[in-house]
Amino acid sequence: MAAAARWWCCWKAEVNLQRNRIALWILAAIALAVGVHNLDRPLANPDEGRYSEISREMVTSGDWVTPRLNGIKYFEKPPLQYWAGASALALFGDQEFAARLYVALCGLLTVGIVGYTGARIGTLETGVAAALALLSSPYFMALGGIVTLDMGLTLWTTATLCAFVLAEFAPDGSLARRRWMIAAWAAMALAVLSKGLIGIVFPAAALGLHCLLRRDFSPLERLEWGYGLVVFLAIAAPWFVAVSYANPEFAEFFFVNEHFRRFLTSSHRRTEPWWYFLPIVFAGFLPWMFALPAAAMHAWRSEVLGRGPQPLRLAILFAAFVLVFFSLSGSKLPAYILPAFPPIALVLGRYLVKAPTQRLAMWMLPIPFLALALGYAAWISPDSARDAWTRALYLEARPYALAGAAILLAIGVIAPILLRRGRRWLAMIGVAIGTLVMVDCLEDAFEQMAPRQSGLAVAEKMRPLMSPATRLYSVRIYDQTVPFYIGRTLTLVDYSDEFETGLKTQPQLRIARLEDFPAHWLRSGEALAIMHPDTYQKLRSQGLPMQLVHEDPRRILVRKP
């Protein structure tokens with residue numbers, strides 16, 4: 001009987017392992033399908049248009065050292081994503097899905113790294129649960145389909161953290177430990193090439209805090225400083241040297257303006273209260289959001305103070321530092337906090353496996369009420385529109401938003417029932433699948449808002465009217481998506497904003513004053529101009545001849561008669 005019982009337990013454990021593997025592969029396929037489905041929607045302003053256009057101009061110009069936006073030098077960020085985007089555009093053409101491909105792959109790779117690390121530092125079950133936790137984050141999954149630099153940064157900072165953790169779990173003096181540690185240095189270099197010095201700051205600060213709290217600095221001695229620094233500099237340094245040599249103004253702008261001034265001041269006009277990122281983090285894990293404090297406390301207490309690896313404490317410190325760092329910054333945007341999500345998923349994954357199912361069910365009780373509130377907000381959203389055009393777009397988006405709220409309601413009702421019945425894995429898998437479908441619905445809702453968020457409609461009107469000799473102007477505004485869709489740059493008129501640094505060395509690429517525009521407009525030859533409705537009315541009142549081609553509350557397209 002004892003032998004039969006042992007056989008039964010082993011067989012059941014093997015079935016569970018195989019089930020978890022199959023579930024993870026199924027979820028990966030669903031995530032990939034959802035991601036691919038949404039990669040071809042119109043690009044949105046401002047980030048998607050900006051970063052996609054920089055990649056397009058790299059392909060067009062053949063200059064992969066100096067990034068350019070609208071033909072003007074653009075030094076705000078390093079080039080790794082521009083290179084990846086340019087490679088995809090060169091391979092697949094100027095398509096939206098090609099512009100988003102790198103970001104989507106970064107998101108999926110991050111899920112894989114989190115799952116693999118969770119399995120290596122715990123069990124296969126904790127690895128699967130960590131991957132499920134990240135797949136259950138609607139914020140993380142949604143940003144996996146939006147062209148920003150933050151998902152690329154998140155991939156490489158996560159890889160840095162996880163490679164270090166895996167090195168710490170490898171035997172002392174082993175080749176595996178050296179390889180993982182060097183992999184951490186390489187990933188950190190790619191994080192720097194993704195978004196600058198924060199690629200160093202985040203892992204260094206987290207490790208420093210970890211050592212201070214433990215009063216154990218021996219991990220610093222195991223960092224493979226010699227080989228690691230060589231690998232780091234070999235990957236990160238060449239572009240910085242090349243771009244500085246080609247553009248003497250680069251170093252001062254990039255390191256002083258884009259790092260210290262952006263962090264210490266509000267010069268970029270992105271000021272928000274100190275608590276701005278807290279609701280984003282909690283709402284970002286919406287189905288499990290109320291379990292986050294308990295998961296963090298459980299992870300912190302489960303790793304006793306000692307000299308052995310404490311991966312979950314390190315993950316908590318990493319996420320906490322990212323949160324505090326950006327909370328103290330004078331410049332805040334929602335996507336900045338994304339690198340905190342994978343470490344939190346590692347912590348949450350362990351809790352989802354260890355916590356009693358009844359307690360997990362309790363943490364999900366408020367979700368149906370949130371779903372109803374979101375559904376109500378979606379229903380009344382057209383009433384908040386400023387004009388009839390926007391109201392019509394909200395009405396088109398509303399069914400998809402309501403479907404997303406309905407799916408969240410179903411998650412909040414069904415998952416607690418399964419958890420109370422002890423069906424932990426079925427509930428976790430259902431939450432992940434439901435979240436992925438909910439994100440798909442919300443992205444479909446966002447797509448209905450494309451005429452408001454994207455210049456695609458304007459570009460479609462421009463293309464038939466353009467020839468290589470047609471002059472193109474952007475008057476007092478700059479629609480980030482239009483150059484990508486027309487495959488051309490525009491002459492800026494009375495506009496600088498983020499182009500200010502580049503225009504100091506390339507002043508010929510703009511018309512500095514609106515008063516000078518009529519003379520350029522009236523030159524012989526065809527011309528098109530994009531402007532705000534107020535600017536159009538002002539120029540029209542001055543008698544400037546303009547043929548109206550497109551009009552909406554955000555932009556006007558005119559043609560020279």
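Does R178 count as buried, partly exposed or exposed, that is, which class does its relative accessibility give? I looked this up before anything else, keeping in mind that the model is predicted.

**Entry 1: R178 and its partner**

R178 comes out as partly exposed, because its relative accessibility is 35%. I then checked what its side chain meets, and found a salt bridge with E224, at 3.5 Å from N to O.

Which class does R178 fall into by relative accessibility: buried, partly exposed or exposed? I looked this up in a predicted model.

**Entry 1: R178 and E224**

R178 counts as partly exposed, because its relative accessibility is 35%. I then checked its side chain and found a salt bridge with E224, at 3.5 Å from N to O.

**Entry 2: other salt bridges**

I counted 16 salt bridges. One of them joins R50 to D47, with the closest N and O atoms 2.5 Å apart. I placed both residues in helix 2 (residues 47–61), three residues apart, or about one turn of the helix. Is R50 buried or exposed? I have R50 down as buried, because its relative accessibility is 6% and the cut-off for buried is under 20%.

D516 is partly exposed at 29% relative accessibility. R513 is partly exposed as well, with a relative accessible area of 46%.

**Entry 3: helix 13 against helix 15**

I took the pair formed by helix 13 (residues 277–284) and helix 15 (residues 311–328). Their axes come within 10 Å and cross at roughly 145 degrees. Which residues make the contact? From helix 13 I listed F277, L278 and V281, and from helix 15 L323, F326 and S327. Sorted by class, the contact has five nonpolar residues, one polar and no charged.

**Entry 4: nonpolar cores**

I turned next to the largest nonpolar core, which has 110 residues. Which members touch the most others? I found W288, I337, F341 and L348. For L348 I left aside neighbours within four places in sequence and listed the remaining contacts: A133, F285, W288, A291, L292 and A295. Another core, of 20 residues, lies apart from the largest one and has A459, M466, F484 and I530 among its members. For background I noted that nonpolar side chains tend to be buried together in soluble globular proteins.

Definitions and conventions: Residues numbered from 1 in each chain as written. Predicted model: local features only at pLDDT ≥ 70, side-chain atom pairs only at ≥ 80, totals over all residues. Heavy atoms only, no water. Axes fitted to C-alpha atoms, helices over the stretch in contact; angles between N-to-C directions. Helix = DSSP H or I, 4+ residues; strand = E, 2+ residues; numbered from the N terminus. Contact = heavy atoms within 4.5 Å. Nonpolar A, V, L, I, M, F, W, Y, C, P; charged D, E, K, R; others polar. Salt bridge = Lys/Arg side-chain N within 4 Å of Asp/Glu carboxyl O. Buried < 20%, exposed > 50% of the residue type's maximum accessible area, 1.4 Å probe, protein only. Core = buried A, V, L, I, M, F, W, Y, C linked by side-chain atoms within 4.5 Å.
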